[in-house]
Amino acid sequence: DAKAAAEEAQALAQQFCADGCTSQSARFLEGIFGHMNGGGCVDASIFCGECQNRAASYFVKNQLPCCIEKVVQKGIEAYDYVVENYAETLVGYAAVAEELLSASAYAEAVAIKDRVVDQFVC
């Protein structure tokens, strides 16, 4: 699965460049992040809340370019696939990590994972 995922990611990246998506995506990202950088959105790494609201208001007048949408959809599909097929294995890895890491390092890792999952939901 990992090899197939790497090959698909490489093909997607090559197609992204071949389709001229780099400039198109850069313009879009500049626009949405410029718009989000207002109101209470001062840290886009914390998307839920004000940043999510600012992004939603940007989409009222602007559409996500197909290039970016394709990458986002592939990312969502990959995330769903990993959860569906490897959740049990990942739980096992987490148990090993808990045994090997200090209590504070493990707590920090869990906190980061929880933040990422929360932000992904938004």
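**Pockets and nonpolar core of the predicted model**

Of the 24 residues lining the largest pocket, Phe47, Phe59, Val72, Gln119 and Cys122 are the closest to its centre, a lining residue being one that has an atom within 4 Å of a point. The elements that give two or more residues to this lining are H2, H3, helix H4 (66-100) and helix H5 (103-121), helices being DSSP runs (H or I, at least four residues) numbered from the N terminus. By class, 17 nonpolar, six polar and one charged residues form the lining of the largest pocket.

The model is predicted, and local features need pLDDT of at least 70, side-chain atom pairs count only at pLDDT 80 or more, and totals for chains, interfaces and linings use all residues. Residues are numbered from 1 along each chain as its sequence is written, and side-chain values use heavy atoms, with hydrogens and water left out.

The second largest pocket holds about 460 Å³, and of the 15 residues that line it, Leu90, Val91, Ala94, Lys113 and Val117 are the closest to its centre. H4 and H5 each supply at least two residues of this lining, with H4 giving the most, nine residues. The lining of the second largest pocket comprises 14 nonpolar, no polar and one charged residues.

Cys51, which lies in helix H3, counts as buried because its relative accessibility is 3%, the limit for buried being under 20% relative accessible area with a 1.4 Å probe and protein chains only. When neighbours within four places in sequence are left aside, Cys51 is in contact (heavy atoms within 4.5 Å) with Met36, Cys41, Val42, Asp43, Ala44 and Ile46. The C-alpha atoms of Cys51 and Gly39, which are twelve residues apart along the chain, are separated by 8.6 Å. Ala55, with residues up to four places away in sequence not counted, touches Ile32, Met36 and Phe47.

Conventions. 1 Å grid on protein atoms, 1.4 Å probe; cavity = no way out; pocket = protein on both sides within 12 Å on 5 of 7 lines; lining within 4 Å. Nonpolar A, V, L, I, M, F, W, Y, C, P; charged D, E, K, R; others polar. Points joined across faces, edges and corners; volume = space filled by probe spheres on them. Buried < 20%, exposed > 50% of the residue type's maximum accessible area, 1.4 Å probe, protein only.
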